[in-house]
Amino acid sequence: MNRILVTLGCFVWLLGSISATAFAQPADSQPNRPNVLIIFTDDQGYADLGCYGNTKNKTPRLDQLAEQGTRFTSFYAQTVCGPSRSALLTGRYPIRSGGWGMPASEVTIGELMRDAGYQTACIGKWDVSNRRSIVPRMPNAQGFDYYFGPLGANDSGRVTFHENNEKAGMTDDMGSLTKLYTDKAIDYLKEKRDPQEPFLLYLAHTMMHTIIGASDRFRGTSEGGLYGDVVEEFDYETGRLLDVLDELDLRDNTLVIYTSDNGPWNQEKYTDRKKGHPEGSIFWGEAGPLRNGKGSCYEAGYRVPCIVRWPGKVPAGRVSDAIFATIDFLPTFADLCGFEPPTDRLIDGIDQTDLLLGRRETGRDNFYFHDAGIRQGKWKYLKPDAQFRGYAVEDNREKVEELYDLDLDLGEQINLAAKYPDKVAELNRLMKSVETDGAVPPQLDQSIGIRK
Ligand SMILES: [Ca+2]
């Protein structure tokens, strides 16, 4: 009798399992998985925000976000738009992920998180399909269930939108874009997603990329000129989006990351040839103590602001100087969101979950600068023919090896290459090992890591 009951019980259990799988869409099967909101600005300077030392621009909402989470001071994107986006999406340096020409075969966080049961949306600037409508390389085919935005940049003062794979109008009003993208993000959160399932929302703003513009409400209102108006409008709109997280009771289970794709575009020769801005207007941000700006392999090209908030998980009010980068998002999300990173290709990012959650204070061992050099710990090396984009400041620099001690010389002013030839040789080898498809696997800095 007992055996019959056990058998019957097993049958009922089995039937229950089958029916749950076949007929009911369960709520998120891993209920502690966070939603992920990435707010990605374009060409915003390292020192544009109050919490990063700016004294003119008023950025109360992002300053507040920093108080509620951790502010990173050695965070690296890439030096220019397309490469920065392929790196963020794939966890792979642009030498592998292709930048503007990112192949359809790359595996993005959108694909991985969608397959792991996340709802995925991309709103804003895509810029990894050569700025063209090539469906297999556009957001829907690269893992995002929903897309709205321009495939490329706004250098002409005009953007053409796509909604999913279809054209969806255009505008010449650059001052409308920050609010428009925020409205689309809010609409996604309120109307388009299933509240029972976790989401990834990748919100890639067009501002502060030239041609910049602010809406009538903000134009002429800041102390920082038109650029300051744009920064302050972005801060306001980001605050409006964060308020919606609260309104929808999403704050506690949403990992919010705010960062920028590269440093400020800040050279005179570009000003001279750029049309579409009021004469004499400043349309770039501030790099603070960092050297140079967008397009450069000096720090201001790559090092950008980054704030991460996840209440009760990511320590509040913390400032971290650990080396952290957009390429680390993919392996970190894998840990937090429950999926496996691809194993058929090299992932340059490392899992930074312990850094984010305050279980360790160290980050990456090293970071590679595209066709230019490498940082390991406090040392930064640049090769003689380090790549500078044609619009970068000092792209005519003397072609010699450079070595900087970033602890003592964050502004990269004192070249120590002649003084430490062994360190130069060591970092040159390390740089080449990254370039030869990861002969040295990416790793954590183990020097003073504290695991609890
Ligand atoms: Ca950019």
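User: In what order do the strands of the ten-strand open sheet lie, and with what pairing?

Analyst: This is a predicted model: local features need pLDDT of at least 70, side-chain atom pairs count only at pLDDT 80 or more, and totals for chains, interfaces and linings use all residues. Residues are numbered from 1 along each chain as its sequence is written. Strands (E, at least two residues) and helices (H or I, at least four) are DSSP runs numbered from the N terminus; two strands pair if DSSP finds at least two bridges between them. Here the order is β7-β6-β5-β4-β8-β1-β9-β10-β2-β11, and the pairing is mixed. β7 (166-171) and β11 (318-320) are the edge strands, each pairing on one side only.

User: How many bridges join β2 to β10?

Analyst: Strands β2 (residues 70-72) and β10 (residues 306-309) run antiparallel and are joined by three bridges. Phe72 has Cys306 in β10 as its bridge partner.

User: Which strands does helix α6 touch?

Analyst: Contact means that C-beta atoms, placed from the backbone, lie within 7 Å. Axes are lines fitted to C-alpha atoms, for helices over the stretch in contact, and angles run from 0 to 180 degrees between N-to-C directions. Helix α6 (residues 177-192) packs on the sheet and touches β4 (119-124), β5 (146-150) and β8 (199-204), its direction making about 160 degrees with that of β4.

User: Why is one side of β13 and of β16 left without a neighbour in the sheet?

Analyst: Four strands form an open, antiparallel sheet in the order β13-β14-β15-β16. β13 (366-369) and β16 (402-405) stand at its edges with a single partner strand each, so one side of each has no neighbour in the sheet.

Key
Contact = placed C-beta atoms within 7 Å.
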